[in-house]
Amino acid sequence: LCYTVAMFSTTTVNNSYILKIREKTENFFYGKFYPVILSLLSFLLWFANIGMTGFAVLIFIGCFVLIVYDDMTPTIPLLLELPMTMRNTTLFMSEVFPFLLIVPVVFAFLIKFILYPWKKPKLDKLSFAFLGITLTSLTGGLFSSYLNEYFSGVFFILLTGVCTFAMHFVFSNRIKCPKSVNLGKYFCYCFVWAINLACAQMIYMWALDTFTGTVFMAIPTSYWASSNHIANLILLATPLLCYLLISGKGILPYFINIVFYYGVLWISGSDGCIAILFALTVFLIPAVLFKTDRHRFNSVLTYILILLATATILFCYICLFHPEVITKFIVRAMRGNGRVVLYKTGLDMFLENPIFGSGIGHAYLANLKDYETYFHSTLVQVGSTTGIIGLISYCFLYYCRAEKLLKNDTEIGFFAFIGLIAFALYALVDNGDFNVVLIYLTLMIIVVGLENEKGAQRLPLFFKFNNFSNFRNI
């Protein structure tokens, strides 16, 4: 029925009419105001707590883009900000309306495939890696779990395998960005604005907690993401923001945005993300200086020195007059928030079933109901639930991710790889591969991978220190 209606729609609409609409709207959808307006709109809808309306608005904009454009690029900011419209994610389980929105999306895709037929689709290593993750999730606990336990992990199987494979397959084959648009810069710009939106939401929730005493994002079910998730997104966004700094026209706005990220990261209270980002700053600063154009080198260096001096003064002030802040941070980080118990439970589950694991849903029987089957570590999560086979699959997945980002040694690939390292380090103490952050990471790897295939803007992995002129002109 859907296919018949779609065929009727495409035969009654003149293709030249769609072409005219595309010509009149492409400057907007490929321009800088599009992600900005989308972020402001999403924040207002989220602030008004009408997430269903915001979700529907973004869905229908996406349907319009799918029908009018052969290129999937304008849907990127929509997908990045779609989860951020939801202030109460429990509505997905209690209301029918979200599932009804699948219907216009299906129609839009059918019309798109009829108007713009697919050529031979391509499958790369990353596609097979996602298929492998799906397979290992299905086999996890297959010989050790009861049926009800087995099916309780369906959400993880869909998110980590099926959904990521579908997203990678569609975007890899249908992104056809115009030559006049720099796909890498477009994505980074949209990504940064989406994370700015998430940070603004978290600041609002923090202000509520500070001034009214409301619980500050205690559980993910009361919000589209927890503070740790947003901190994880900052780890991905900061290197991309550094790439925009060296390749964009302005300087000060990017530095202000970077300072904003560091401030929000501290507010988040995510000890792991704070430690990782400050450690990676040691690598980001020389990377930015090496790749900055010589005409802007002095300005960028001046801003960096000012920020380092300010950070040093602030740190000394806190150590001298408010040492309890540092003490609390160290104590909180060393305490581990119950992770030791989780890791021990995961290790026991792995030892019980080392080959296939104990199953994703088996965590409910391990006294982990308060954690919703999360082990707060990708390594422990994979090993305990899918066994050695799952660990091999995830090793291959990370290899494919790194290969995508490092292909042809491009600037954007280098900075995105730093983001992947930050994500992987934090995944050791949290489960970024099993929550909403996975969507953002997958999109980043898809787009940067496509950019790297062009092989433009080569970047040496090992910098040469022959003389200062080489330093200035790399």
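**Exercise 1.** Is Y30 buried or exposed, judged by its relative accessible area?

*Solution.* This is a predicted model, in which local features need pLDDT of at least 70 and side-chain atom pairs count only at pLDDT 80 or more, while totals for chains, interfaces and linings use all residues. Residues are numbered from 1 along each chain as its sequence is written, and side-chain values use heavy atoms, with hydrogens and water left out. The term buried stands for under 20% relative accessible area, exposed for over 50%, and partly exposed for what lies in between (1.4 Å probe, protein chains only). Y30 has a relative accessible area of 13%, so Y30 is buried. Y69, at 2% relative accessibility, counts as buried.

**Exercise 2.** Classify the ring pair F165 and F169 from the distance of the centres and the angle of the planes.

*Solution.* Rings of Phe, Tyr and Trp (its six-membered ring) pair if their centres lie within 6.5 Å, and planes under 30 degrees apart count as stacked, over 60 as edge-to-face and the rest as tilted. The centres of F165 and F169 are 5.9 Å apart and the planes stand at 20°, so this pair is stacked. Both residues belong to helix 11 (residues 154-174), where, being four residues apart, F165 and F169 are separated by about one helical turn. Helices here are DSSP runs (H or I, at least four residues), numbered from the N terminus.

**Exercise 3.** Find which ring R401 sits over with its charged end.

*Solution.* A charge sits over a ring if NZ of Lys or CZ of Arg is within 6 Å of the ring centre and within 35 degrees of the ring normal. The charged end of R401 is 4.8 Å from the ring centre of Y398 and sits over that ring.

How values were computed
Helix = DSSP H or I, 4+ residues; strand = E, 2+ residues; numbered from the N terminus.
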